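I opened my notebook today to look up a few places in a structure and to write down what I found there. The sequence and the structure come next.

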Amino acid sequence: MFFFIYGKLIAKPNKAEANKVLASALFVIQKKDSLLIEYKKALKLLNEEDYSNSLEKGLVLLAKLEKTNFFELKYLCNFLIGDCFLKMREKDKAIRYYKKSLFLLESNQHLFNKENPVYGKINVFPELKARNLLRLGTLYARAEKKDSAVLYYEGVIDLNSFGKKVLPYKASAFNNLSGLYIKDSSYILAKNYALKAVEIRRKNNNKVSEAIALSNLANIHVIEKDYIKAKEIYKKAISLIEFNKSSKAIKYKENLYYNLAWALYNLEDFTAYDYQEKSYIIKDSLRNAEFDHIVQQVYEKYQAQIAKKQADKAKADVKLKELEEKKTTIFLVILIFLVIISSGVILYNYKLRQNNLKLKLDQTQLAQKSKLEKLKSESQVRILNATLDGKEAERKQIAETLHDSVSSLLSSANLHLQATRMQFNGDSPIEIDKTQKIILEASQTIRDLSHTLVSSVLLKFGLKYAIKDMAEKYSNSKIAIETDIENVRRYHQGFEIKVNNIIQEFVNNILKHSNASKALVKIKDSAGKLIIHIEDNGDGFDKKEIPKKDGLGINQIDARIQMMKGDFHIDSSSEKGTKIAIVLPIQEKDISIRV
């Protein structure tokens with residue numbers, strides 16, 4: 001692009017026009033460089049295992065790239081988001097973004113055949129495609145969709161490139177195909193693929209990966225009860241990594257020692273117990289390291305909670321002291337005022353004083369009556385909002401407990417069952433399969449319940465993505481819900497939850513009562529206010545006659561918005577549908593310490 005523009009400058013001697021074109025080109029280059037910096041920040045967070053923040057930055061960057069033609073960055077950003085969802089065990093979402101990145105890669109192959117600004121080398125297309133296909137194959141294999149997994153693995157193998165960067169992906173594809181065919185008892189195919197994986201790993205001089213490939217090959221011989229051949233291959237694999245101290249090598253040594261012990265046991269070679277003991281020693285050390293890490297995390301979380309409680313208590317004490325001082329000042333002012341009034345009243349004659357007192361008494365009674373009515377109304381609003389606040393806080397706490405604690409426990413139980421399955425020769429007991437299915441179903445139920453109580457998208461990524469997620473989830477063949485969100489960022493979490501609940505209630509009312517085919521949710525951050533417009537082309541309703549059904553109800557939403565010091569207006573008719581306008585003062589998020 002730049003050389004093409006330079007050519008135009010030579011062809012046109014008009015300096016003003018030339019400067020204008022050059023300025024435009026430089027602007028495009030600078031914009032692309034700034035977006036590339038944002039991508040590298042998200043990638044750095046991914047490599048540091050900060051998946052939540054990496055995902056948030058990736059989604060924000062993807063929205064910025066939507067209307068550009070920076071296809072290389074679009075590909076990289078979609079792939080990064082896929083990696084984040086993969087690490088967060090969101091398989092379906094990971095597959096969606098990996099497919100988007102693969103489409104962008106294949107549609108713009110020419111861009112990756114030149115020097116790439118991120119990878120800094122020429123023709124990275126085969127390597128990137130192999131990586132993409134392998135990710136998709138692995139995800140489909142985990143989802144037990146064998147045909148799709150085989151299709152993507154074979155796509156890696158069929159790539160024409162045999163470069164050093166592509167061969168490891170081919171070896172992984174051969175290895176994974178071997179595992180799939182072991183499950184189907186197709187041992188000849190499994191063995192052929194395992195041998196191809198071993199051959200590639202050996203050529204690349206990757207001893208850890210070669211040991212893993214040899215382990216798979218030996219496992220096939222164990223299944224075929226050829227324990228002598230299995231023993232030979234297991235020992236060869238162990239010799240490759242015996243003195244390797246990396247965490248990956250140590251983990252696979254534990255498996256190799258255990259599997260070798262099993263082969264020796266079947267050969268009635270009692271050195272099996274020595275290798276089994278080596279396996280247990282490594283396993284215990286890994287478990288202790290994991291346990292120490294968990295304890296450290298729990299301790300840090302506990303310390304953070306204590307610090308927060310202490311800070312909250314200090315703030316509450318300061319506020320209480322200020323309130324007491326304010327009460328004292330008001331009391332003194334009232335007392336002085338009463339003394340002045342009393343002194344003035346003495347100067348008047350008795351009759352005039354009585355008339356004035358009578359007039360004051362009447363006025364005071366009217367003012368008190370008006371004040372009592374106002375206090376009663378405000379009290380009702382405060383009680384309602386306190387109830388709703390308590391309900392929202394309770395739902396959030398339950399959702400976090402389900403997601404963070406119960407889901408983790410179920411995942412741990414599932415891993416233990418998987419480890420137990422590996423200890424059986426041949427088919428494992430059917431009870432293990434059933435138990436794993438029950439655990440997976442319970443995990444999904446808990447995840448769905450957690451999302452129903454409080455949207456995890458809202459808590460992690462904020463109002464903007466929660467509303468988009470809501471619109472996408474509720475849209476169907478009968479109604480299309482669109483969004484128009486401008487300048488919306490992260491706010492105080494309580495404020496985000498309240499706004500999300502208000503919008504969700506109106507969307508629920510549209511779905512239940514309006515018979516609309518289209519709806520629109522518009523949100524805009526402007527001058528310290530959050531401006532919300534919700535429209536539909538449905539039947540409309542009478543605001544005074546709408547029944548109070550499930551959820552907040554119109555009157556209760558009105559009370560909620562009053563408490564948030566906002567404005568609320570409904571315009572509805574049977575022919576024009578319904579238009580809702582809400583304006584809320586923004587509550588900024590608290591400054592917190594990340595532990």
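In what order do the five strands of the open sheet lie? Keeping in mind that I am working with a predicted model, I read the order of the strands as 1-2-3-5-4, and I noted that the pairing in this open sheet is mixed. I then looked for the edges, and found that strand 1 (480-486) and strand 4 (567-573) are the edge strands, each of which pairs on one side only. Neighbouring strands of this sheet, when direction is ignored, are turned by 10° against each other on average.

Next I followed strand 4 to its partner, strand 5 (residues 577-585), and found that the two run antiparallel and are joined by seven bridges. Within this stretch I looked up Asp-567, which stands opposite Val-583 in strand 5. Helix 19 (residues 554-563) packs on the sheet here, where the helix touches strand 4 and strand 5, and its direction makes about 150° with that of strand 4.

I also looked up helix 17 (residues 463-474), which lies across strand 1, strand 2 (518-526) and strand 3 (529-536), and which runs at about 165° to strand 1.

My last entry concerns Ile-238, which I found in helix 11 (residues 227-241). Is Ile-238 buried or exposed? I wrote down that Ile-238 counts as buried, because its relative accessibility is 6% and the cut-off for buried is under 20%. Leaving aside residues up to four places away in sequence, I noted that Ile-238 touches Leu-256, Tyr-257 and Leu-260. Ala-249 is eleven residues from Ile-238 along the chain, and the C-alpha atoms of the two are separated by 9.7 Å.

Technical notes. Residues are numbered from 1 along each chain as its sequence is written. This is a predicted model: local features need pLDDT of at least 70, side-chain atom pairs count only at pLDDT 80 or more; totals for chains, interfaces and linings use all residues. Side-chain values use heavy atoms; hydrogens and water are left out. Two strands pair if DSSP finds at least two bridges between them. Helices (H or I, at least four residues) and strands (E, at least two) are DSSP runs, numbered from the N terminus. Axes are lines fitted to C-alpha atoms, for helices over the stretch in contact, and angles run from 0 to 180 degrees between N-to-C directions. Contact means heavy atoms within 4.5 Å. Buried means under 20% relative accessible area, exposed over 50%, partly exposed in between (1.4 Å probe, protein chains only).
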